[in-house]
Amino acid sequence: MSPARSTAPRAAIAPLLHESLGERVYRTVRDLILSQVFPPGSKLNVEQICRDLGVSRTPVWDTMRRLESEGLVNTVPRHGVFVLNYGADQIRDLFAVRGALEALAVRQAAGHLDPDAHAGLEASMKEMEQAAAAGAIEQYSRAAIDFHDRVLGAARNQVLSRLLDNVYAQILVLRLRSLYLPERVESSVAEHRELFEAVVAGDADRGERLARAHADHVLQDALEFTRRAEQDR
């Protein structure tokens, strides 16, 4: 009697492998964009990406469509695929959305901040203050990003998290997420301290107002940074 054959359907395995490959391609290209290997406004050579990654066109084009849906690239008919590159008006729109979503994150975080989230926020706040006192702008920027990520985590809202992650990715592509002008660090520390105190106190209304004001101040920094960068070209 011959051995029993496996009853696992072979056709069900291939899509899983294909999905895994597609996800790896997506993560790789997305990381290259977020790390500015492909800078804002640059054209993506799809054929070269296929050769570099050793894959066919299908997962790469699937990646391009997915990145376009996230607002990280833009397909121009008969010209190709280009990395996001916003002007001043679009930057204002992006930060308006950021302000609204971060205000909601602060409101929801203030509503149910647990001890672990409280401790994490406090650690980020202390790191920001120490970095600012030492004039360590890069360290301050990382701590500020961590602070906002912790507020978002404390909000416990997966839909909000996905939306804000998308906004943060677009800001990162534009090289604006970790931006802090040296002359603005002292006031930025004060703004984050006020946000921290509002969330810890459970004052959702005050926290929401502060979050919107902070996003507007960061917008002004972003516009100034963009203006200076254009002057240096």
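Trainee: Which strands form a hairpin, and how many residues lie between them?
Mentor: In this predicted model, where local features need pLDDT of at least 70, side-chain atom pairs count only at pLDDT 80 or more and totals for chains, interfaces and linings use all residues, β2 and β3 form the hairpin with three residues between them, and Arg-78 in the turn has a positive phi of about 70°. Residues are numbered from 1 along each chain as its sequence is written, and side-chain values use heavy atoms, leaving out hydrogens and water.

Trainee: In what sense do β2 and β3 pair?
Mentor: Strand β2 (residues 73–76) and strand β3 (residues 80–83) pair in the antiparallel sense over four bridges, where pairing needs at least two DSSP bridges and strands are DSSP runs of E with at least two residues, helices being runs of H or I with at least four, all numbered from the N terminus.

Trainee: New topic: is Ser-124 buried or exposed?
Mentor: Ser-124, which sits in helix α5 (residues 115–134), counts as buried because its relative accessibility is 2% (buried is under 20% relative accessible area, exposed over 50%, partly exposed in between, with a 1.4 Å probe and protein chains only).

Trainee: And what does Ser-124 touch?
Mentor: Leaving aside residues up to four places away in sequence, Ser-124 touches Ala-143, Asp-146, Phe-147 and Arg-150, contact meaning heavy atoms within 4.5 Å.

Trainee: Which residues of α5 meet α8?
Mentor: Among them are His-118, Leu-121 and Met-125 in α5, and the residues they and others meet in α8 include Val-185, Val-189 and Phe-196.
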